[in-house]
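Please open the structure in your viewer and keep the selection panel at hand. The stops below say what to select next and what is to be found there.

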Amino acid sequence: MLSGTIFEKTRIPLQKWFAAISLVVNAKKSLSSHQLARDLRLNQKTAWYILQRIRKAMGKKDTLLKGIVEADETFVGGRPRKENKKEDRPKGSGNNPTKKTAVLGAVERGGEVKTMMAKRVDGETLARFIRSAVSPEGTTVLTDEFPGYREIEGLYEHDVINHSKRYVDGDIYTNTIEGFWSLVKRAWYGTHHHYTKKYMPLYLNEASWKYNRRKDPNAFDTILRGLFG
């Protein structure tokens with residue numbers, strides 16, 4: 001019954017696994033291994049192991065976004081800024097001059113979000129991510145004025161909002177994906193404070209899974225069905 005699930009060969013009681021899943025699903029700003037260890041009376045290493053297994057299971061299946069899709073990139077790490085600015089975005093070469101980690105994202109209006117950690121933020125990388133995440137059929141991709149997004153011209157209908165002039169122009173804006181970035185960063189600054197690049201995809205899994213099921217009143221049942229399905 002447990003073969004092929006995150007519970008396979010576990011010595012941890014299933015009751016504690018289910019309690020951990022419930023806590024993760026309902027933690028708006030994520031959950032640290034130290035907090036889970038206190039809540040479930042586990043040692044920190046065991047709590048960390050449980051959390052990473054759960055986050056891995058939250059990985060998104062391959063489905064393409066469509067319709068109106070907002071695409072953007074951000075950098076995670078370092079000190080939080082008082083305002084949502086782009087000073088840390090690489091200029092020219094696309095290399096990251098800071099110790100922050102680049103993350104690419106795309107969100108379907110009223111639908112789901114997809115993310116990818118990236119070593120570089122340049123046109124080739126952005127186009128490759130968008131092709132992997134977004135359907136070209138009947139889709140309009142909305143971005144800011146960053147030159148790297150020119151690489152998707154001819155592949156998608158592409159509208160641009162110039163943030164140096166305005167943040168909203170009718171239906172052209174990237175506020176939805178920027179709102180998602182605020183959730184990702186709230187977990188970083190408010191709960192985790194630090195995690196390595198090796199494990200960042202797992203934390204992005206968690207943030208994306210929660211966003212994609214934000215309207216699901218039975219999210220705990222949903223993840224359990226996925227684990228045993």
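Begin by selecting Thr143, which, when its neighbours within four places in sequence are left aside, is in contact (heavy atoms within 4.5 Å) with Ala71, Tyr149, His158, Asp159, Val160, Ile161 and Thr174. Thr143 is found in strand 4 (residues 140–143), where helices (H or I, at least four residues) and strands (E, at least two) are DSSP runs, numbered from the N terminus. Thr143 is buried, with a relative accessible area of 0%; here buried means under 20% relative accessible area, exposed over 50% and partly exposed in between, with a 1.4 Å probe and protein chains only.

Before moving on, note that this is a predicted model, in which local features need pLDDT of at least 70 and side-chain atom pairs count only at pLDDT 80 or more, while totals for chains, interfaces and linings use all residues. Residues are numbered from 1 along each chain as its sequence is written, and side-chain values use heavy atoms, with hydrogens and water left out.

Now display the strands: five of them form an open sheet in the order 3-2-1-4-5, with mixed pairing, where two strands pair if DSSP finds at least two bridges between them. At the edges are strand 3 (113–118) and strand 5 (157–160), each of which pairs on one side only. From one strand to the next the twist averages 25°, and for such angles the axes are lines fitted to C-alpha atoms, for helices over the stretch in contact, with values running from 0 to 180 degrees between N-to-C directions.

Select strand 1 (residues 68–76) together with strand 2 (residues 101–108), and follow their antiparallel pairing over eight bridges. Two partners in strand 2 can be picked out along this pairing: Thr101 is the bridge partner of Val76, and Val103 is that of Thr74. Strand 2 is mostly covered, seven of its eight residues being buried.

On passing to strand 3, one finds that strand 2 and strand 3 also pair in the antiparallel sense, over six bridges, and that Ala106 stands opposite Lys114 in strand 3. The hairpin of these two strands has four residues between them, and in it Gly110 takes a positive phi near 75°.

Next, select Phe180, whose place is in helix 5 and which is buried, with a relative accessible area of 0%. Not counting residues up to four places away in sequence, Phe180 touches Val113, Thr115, Ala207, Ser208 and Tyr211.

Leaving aside neighbours within four places in sequence, the contacts of Ser208 are with Val113, Thr115 and Phe180.

**The largest pocket**

Which residues lie nearest the centre of the largest pocket? They are Val25, Ala27, Lys28, Lys210 and Tyr211, out of a lining of 26 residues. Helix 1 (14–26), helix 5 (175–192), helix 6 (200–212) and helix 7 (219–228) are the elements that give two or more residues to this lining, and the largest share, seven residues, comes from helix 6. On a 1 Å grid over the protein atoms alone, a pocket is an open set of points where a 1.4 Å probe fits, with protein on both sides within 12 Å along at least five of seven lines, and lining residues have an atom within 4 Å of a point. The volume of this pocket is about 530 Å³, a volume being the space filled by probe spheres set on the points.

**Two loop residues**

Finally, select Ser30, in the loop between helix 1 and helix 2 (33–40); Ser30 has a positive phi of about 70° although it is not a glycine, and it is buried, with a relative accessible area of 11%. Then select Arg41, in the loop between helix 2 and helix 3 (44–57). Arg41 also is not a glycine and has a positive phi, of about 55°, but Arg41 is exposed, with a relative accessible area of 77%.
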